Amino acid sequence: MKVSSRSGIVSLLAAGTALGILLVSIFAHLALSQPAGLWNRLAGYLTGRSTSIDISSPSVVEKIRKLSRLETVVYSIDKVVEGQRESLLFPNFLAGDKLLLIAHGEVIAGIDLDQLKPGDVSVSGDTVRVRLPAPQLLSTRLDNQHTRVYSRTTGLLVAADPDLESEVRKAAEQQIAQAAITDGILDRARENAKTSVTALLYGLGFHAVEVS
């Protein structure tokens with residue numbers, strides 16, 4: 001009887017070991033042959049683990065703010081700008097100073113997401129609504145390599161004013177910025193920002209996203 005009992009125990013241990021090896025082989029096969037999402041869910045069921053995502057309003061605000069200054073539109077334009085000095089007493093051919101500048105500029109527009117406030121984000125379950133700050137021009141600059149003085153004319157009695165070109169360049173930047181606004185750069189910046197933030201929010205796990 002003792003020999004028989006020992007044989008039974010050995011048989012049970014052998015059967016248990018074989019079953020364990022079989023289960024490990026099956027799980028390994030699933031891990032290699034099935035999509036990662038399916039395997040993760042199966043592993044979660046077996047181990048009792050669960051996945052949670054922090055989608056509270058403060059967390060969402062912080063994640064959006066990490067995008068910082070979201071540059072969404074780059075606008076390039078050429079402008080011909082004229083500047084001149086005139087005398088009240090003498091005609092231009094004697095005391096005038098005239099400069100013609102061909103300016104090539106670049107305007108970048110977008111949204112400063114650091115201005116996003118907690119009240120601009122509303123979270124309800126897997127639904128989120130975000131109100132973005134107003135779009136703005138983030139920078140306007142002249143490309144010095146492609147900006148040049150086309151002509152300069154001074155009167156017979158005066159020398160060229162060294163400050164005139166700087167003033168004309170400043171005016172050119174202002175005109176380029178205004179041209180970009182007139183052409184709708186801010187509207188395009190808002191739409192592009194909405195697309196970027198929407199993609200971010202879907203990536204965070206929300207199923208319904210509304211960005212305005």
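Predicted model: local features only at pLDDT ≥ 70, side-chain atom pairs only at ≥ 80, totals over all residues.
**Stop 1: helix H6**

Select residues 185–203, which make up helix H6. Now colour Ile185, Ala189, Ala193, Val197 and Leu201, the buried residues of H6. They lie on the same side of the helix, because the arc they cover around the axis is only 130 degrees. In general, an α-helix has 3.6 residues a turn, so residues three or four places apart point the same way. Turn to the other side of H6 and select Asp187 and Thr195, which are exposed. Past the helix, go to glycine 205, which has a positive phi, near 110 degrees.

**Stop 2**

Select strand S3 (residues 121–124) and strand S4 (residues 127–130). The two run antiparallel and are joined by four bridges. Valine 121 has valine 130 of S4 as its bridge partner, and serine 122 has arginine 129. Two residues separate the strands of this hairpin, and in the turn glycine 125 has a positive phi of about 65 degrees.

The three strands form an open sheet in the order S3-S4-S7, with mixed pairing. From one strand to the next, the twist averages 10 degrees. Show H6 again: this helix packs on the sheet, where it touches S4 and S7. The direction of H6 makes about 155 degrees with that of S7.

**Stop 3: threonine 72**

Move to threonine 72, in strand S1 (residues 69–85). Is this residue buried or exposed? Threonine 72 counts as buried, because its relative accessibility is 17%, and the cut-off for buried is under 20%. Leaving out residues up to four places away in sequence, threonine 72 touches Ala109, Gly110, Ala189, Asn192 and Ala193. Ala189 and Ala193 are among the buried residues of H6 seen at the first stop.

**Stop 4: salt bridges**

The model has 11 salt bridges by the rule used here. Some of them can be visited in turn.

- Select arginine 141 and glutamate 106, whose side chains meet in a salt bridge at 3.6 Å, N to O. Arginine 141 is in strand S5 (residues 136–142) and glutamate 106 in strand S2 (residues 97–112), so the pair ties together parts 35 residues apart in sequence. Arginine 141 is partly exposed at 42% relative accessible area, and glutamate 106 is also partly exposed, at 23%.
- Select glutamate 165 and arginine 169, which form a salt bridge with their closest N and O atoms 3.2 Å apart. Both are in helix H5 (residues 164–182), and because they are four residues apart, about one helical turn separates them. Glutamate 165 is partly exposed at 27%, as is arginine 169 at 21%.
- Select aspartate 183 and arginine 188, joined by a salt bridge of 3.3 Å, N to O. Aspartate 183 is partly exposed at 45%, and arginine 188 is partly exposed at 37%.
- Finish with Arg85, Asp161 and Glu167, which are linked in a network of salt bridges.

Terms used
Residues numbered from 1 in each chain as written. Heavy atoms only, no water. Expected span 1.5 Å × (residues − 1). Buried < 20%, exposed > 50% of the residue type's maximum accessible area, 1.4 Å probe, protein only. Arc of directions from axis to C-beta. Pairing = 2+ DSSP bridges. Axes fitted to C-alpha atoms, helices over the stretch in contact; angles between N-to-C directions. Contact = heavy atoms within 4.5 Å. Salt bridge = Lys/Arg side-chain N within 4 Å of Asp/Glu carboxyl O.
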